[in-house]
Amino acid sequence: MVGFIAHLRQNGYSIGLAEADMALSFLAAGNALSVESVRLGLKTMLTGNSDQWSKFDDVFRSYWFADRSRSEPSATEFSSPRAGRTRPRLWDRPPTDSADGAATGPVASAGGNGKPADTVGCGRLVASRTETLARTDLRHLVDPADIDEAERVAERLARAIRYRLSRRRKAARRGRIVDLRRTIRRNLPHGGEPVEIVWRRRPLRPANLVLLVDVSGSMKVYSRCFLAFVRGLIGAPIEAEAFLFHTRLVRISGALRDADPMRSLARLSLMADGFGGGTQIAASVRQFNDRHAREVISSRSVVIVMSDGYDTDPPELLTLELERLKRRVRRLVWLNPLLGWRDYAPVARGMAASLPHIDLFAAAHTLEALAALECELAQL
C-alpha cells in the first residue's frame, strides 16, 4: 500500500496521511473480499474530483497488474525501503471495465449529464493525462509514446508563451487601445463619465532570446524535450537564436526554423556530432562570446542556459566567460533540471562558479517548470 500511495501521488493524486490511514483501516476491517470491492472502496476514498475518478481504474491496474500502458515511478522514488521490492500480484486477473456498473457512469462524466465517460469524458481523460505528464519529471519518461507526447506538449507550450508575450499589453499614458477595465474604475468618482481615459500599449520586448542547450550525456534524458521547447520559441514575433553544446558549440536556429520536420531532424542529426558525450561549458561559452555574441546579442537580450552545470573545464574559465557574457546582456537565466530533485544543492564546480553571475536560477525538470518561465519573461 505504501508503494500504491506513492504511485497515486506520482499520477497527480493529492493524498496525505489521513487518506492513507483511512485506506488501511478499510482493508484491515475485512472489506477486501474481492478485487471489485477493494477497487471501488479505494476509488471512493482516494479520489477528490471527476478527473481523478475517471483515471483511477487505469492507475489501479498499472500498479497491481503491471499494466505498462501508464507511466510508473521508479522504485527509488517510494518513500519506504520496502517499496523497492517486487510488486505483489494480489489477484490472478484485473477487474473488467464493466465491473463498476453504475459507479463509472454519471460520476466519471465530464459534463455531469449521466452519459458514460467513454462517450463524453474522453476529452477530460486526455486533459488529465496531459496534466499528469506535465508534473512528471522528464527523466522518468521511458515509454516512447509518453516521450513523444512530452515533446509535442513542450513545443505547444513554448509557442503559447511566445504568442502571449507578443500580445500582452500594459497601462500607459498614451496608446492605441483603451483599457476599459481601468478606465471604468478610474472614472467611478466622476459618476462613470469617461473623463479620464486609460490606454494600453505593447511594452518593449527583449530584442531576442538566446538559448544555449546542453546535450551532453548527463543531460540526455532532458535534451529531446528541451529541443522541442526551444523549437516552439523560435519564430516571429519574438526573435530567438538557439545553440546546442557539449564539447563544442553548434548554432541550430536555421534547422529549427525549417518547415519540413524530417529535413529539420536530418539537419540537427548532422550538427549534433558528439550528442550525449562529455561537457565543456566554459569552452562552449567562450566560443559563443568569440564567434556569435556580437551578431546575436544586444543590450536587451536575454540568454537562457539549459544545463545541469556539470563541466570538465576549470571553473575559473567558466567564471571569466560568464562575466564577459553578463556585460553584454540584459539578463542571464540558468535552467537546471536537477534543481527540481529532492535535496539537490548546486555544489558542482561549474554550477557553483556560475551562480554569482546568474539573474535567475530555476528548475526545468518538468513541463510545468518550463511553463513557469513565462512569468519571468513577462517582467522584461
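This is a chat about how to read some features of a predicted model.

Me: Let's start with the aromatic rings. How many aromatic pairs does a search of the whole structure find?

Reply: A pair of aromatic rings is described by the distance of the centres and the angle of the planes. In this structure, the search turns up 10 aromatic pairs. Take Phe4 and Phe56: their ring centres are 6.3 Å apart and the planes meet at 85°, so this pair is edge-to-face. Phe4 belongs to helix 1 (residues 2-10) and Phe56 to helix 4 (residues 50-64), so you're looking at a link between distant parts of the chain, 52 residues apart.

Me: Are Phe4 and Phe56 buried or exposed?

Reply: Buried means under 20% relative accessible area. Phe4 comes out at 0%, so it counts as buried, and Phe56 is buried with 0% as well. Phe4 also forms an edge-to-face pair with Phe60, at 5.9 Å centre to centre and 85° between the planes. That pair links helix 1 and helix 4 too, with the two residues 56 apart, and both Phe4 and Phe60 are buried.

Me: Which residues form one aromatic cluster?

Reply: Phe4, Phe56 and Phe60 are in it, together with Tyr13, Tyr63, Trp64 and Phe65.

Me: Okay, on to strands. Which way do the residues of strand 7 point?

Reply: In a regular strand the side chains alternate between the two faces of the sheet. Have a look at strand 7 (residues 302-306): Val302, Ile304 and Met306 point one way, while Val303 and Val305 point the other way. Strand 7 is mostly covered, with five of its five residues buried.

Me: And what does strand 7 pair with, and do the strands run parallel or antiparallel?

Reply: Strands of a sheet pair through backbone hydrogen bonds, either parallel or antiparallel. Here, strand 7 runs parallel to strand 4 (residues 209-214), joined by five bridges. Strand 7 also runs parallel to strand 8 (residues 331-336), again with five bridges.

Me: Now a helix. How many residues of helix 9 are buried?

Reply: Out of 14 residues, 10 are buried, so helix 9 is largely enclosed by the rest of the structure. The buried ones include Tyr222, Cys225, Phe226, Phe229 and Leu233. Helix 9 (residues 220-233) reaches 20 Å from its first C-alpha to its last, close to the 20 Å expected at 1.5 Å a residue. After helix 9 comes Gly235, with a positive phi near 135°.

Me: What is the phi of Asp343?

Reply: Most residues other than glycine have a negative phi. Asp343 has a positive value, near 65°, and isn't a glycine. You'll find Asp343 in the loop between strand 8 and helix 15 (349-354). With 74% relative accessibility, Asp343 counts as exposed.

Me: One last thing: how many residues apart in sequence are Val178 and Ile197?

Reply: They're 19 residues apart in sequence, and their C-alpha atoms are 7.1 Å apart in space. Val178 is in strand 2 (residues 177-178). Its relative accessible area is 32%, so Val178 is partly exposed.

Definitions and conventions. Residues are numbered from 1 along each chain as its sequence is written. This is a predicted model: local features need pLDDT of at least 70, side-chain atom pairs count only at pLDDT 80 or more; totals for chains, interfaces and linings use all residues. Side-chain values use heavy atoms; hydrogens and water are left out. Rings of Phe, Tyr and Trp (its six-membered ring) pair if their centres lie within 6.5 Å; planes under 30 degrees apart count as stacked, over 60 as edge-to-face and the rest as tilted. Helices (H or I, at least four residues) and strands (E, at least two) are DSSP runs, numbered from the N terminus. Buried means under 20% relative accessible area, exposed over 50%, partly exposed in between (1.4 Å probe, protein chains only). Two strands pair if DSSP finds at least two bridges between them. The expected span of a helix is 1.5 Å times one less than its number of residues.
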